Amino acid sequence: MKNTAFKILALALCLPFTLLSTAQKKITPVDNDPGKPPQPVLHYYDKHGNPLQEPVLFLAETDTVTGTQPGPVYPLLYSANVGFNFFDGVMSIFGQKHSSYDISASLSLHNWIEPVIEMGIGFADNHPESSNFRYKSKPSFYGKFGANYNFLYKSNPDYQVYLGLRFGYSSYRYEITDITINSDYWGQQNHFTISNQSAHAFYGQVVAGIKVKIWKMFSLGWSLRYGFKIKETSGSNSTPWFVPGYGTQALNATFSLIYTIPIHTQRKVSTLTETGGGEVHVAGGIPEP
């Protein structure tokens with residue numbers, strides 16, 4: 001009986017202390033949301049323990065940095081480009097007897113795919129010293145359409161390395177004059193002209209090129225083009241030597257001055273750069289176009 005009373009008395013003495021200890025405990029809910037982004041932390045010292053002039057905002061991350069996501073990183077309608085090809089103008093200084101000048105317009109989609117149209121004028125005037133004729137092609141219109149694939153679509157849009165394809169068409173007129181035929185038997189020379197010749201050609205070109213920014217919105221572009229004729233007609237009494245926009249041979253080149261028109265305006269965002277040690281430095285800024 002005394003033991004039972006002693007146990008009840010001891011329990012009664014301990015109960016208030018137990019309740020007081022329980023009341024003083026603060027229950028903090030645990031956030032187990034795995035999709036919640038890491039919280040930023042201000043750092044006042046560098047990794048050597050030296051105080052920073054300004055606190056730097058960091059995101060606490062794991063030891064591994066998530067790789068870049070596949071697909072485009074720029075907006076769909078990013079920019080438009082207008083260019084002028086003057087490669088044949090330079091080559092004419094060195095004696096080339098034909099020229100094709102064109103302007104181009106393109107639309108940059110995600111800085112990745114670039115539909116292109118090209119329109120120009122081509123003409124020729126060739127009188128080879130070792131030949132007995134003169135070939136003249138009047139200024140004729142040509143047009144091309146196609147697209148480029150930019151391999152640097154995730155990099156700075158000021159620089160491109162691309163492959164492309166063009167399809168072109170031209171309808172043109174030409175004439176062959178000063179044709180001279182010597183007759184050894186009669187000891188005479190015959191002169192005649194093949195005039196009013198008309199032809200047209202539908203052709204394709206495989207394009208490989210680069211684009212480099214030189215100043216503000218201006219860039220320079222170089223390309224090599226390998227052409228193939230899909231369908232071509234000849235004159236009534238001759239075969240054309242020059243096709244506007246295609247040239248006289250399969251391998252050609254372009255050299256263009258390009259002006260870029262921005263379409264998408266970047267808003268101020270935070271860019272992430274890896275700093276090592278399982279942390280990612282957050283620096284506010286506006287990405288350059």
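Start by selecting Ser195 and Gln197: a polar atom of the Gln197 side chain sits 3.1 Å from the backbone oxygen of Ser195. This is a polar contact (N or O atoms within 3.5 Å; within protein, one able to donate a hydrogen and the other to accept it, with residues adjacent in sequence counting only if both atoms are side-chain atoms).

A word on the model: it is predicted, so local features need pLDDT of at least 70 and side-chain atom pairs pLDDT 80 or more, while totals for chains, interfaces and linings use all residues. Residues are numbered from 1 along each chain as its sequence is written, and side-chain values use heavy atoms, without hydrogens or water.

Colour strand 8, residues 188–215, to see where Gln197 belongs; strands are DSSP runs of E with at least two residues, numbered from the N terminus. Is Gln197 buried or exposed? It counts as buried because its relative accessibility is 2%, and buried means under 20% (exposed is over 50%, partly exposed in between; 1.4 Å probe, protein chains only).

Next, show the residues in contact (heavy atoms within 4.5 Å) with Gln197. Beyond four places in sequence, they include Tyr172, Arg173, Tyr174 and Gly235.

For the next stop, select Phe84 in strand 3 (residues 77–85). Phe84 is partly exposed, at 38% relative accessible area.

Conventions:
Helices (H or I, at least four residues) and strands (E, at least two) are DSSP runs, numbered from the N terminus.
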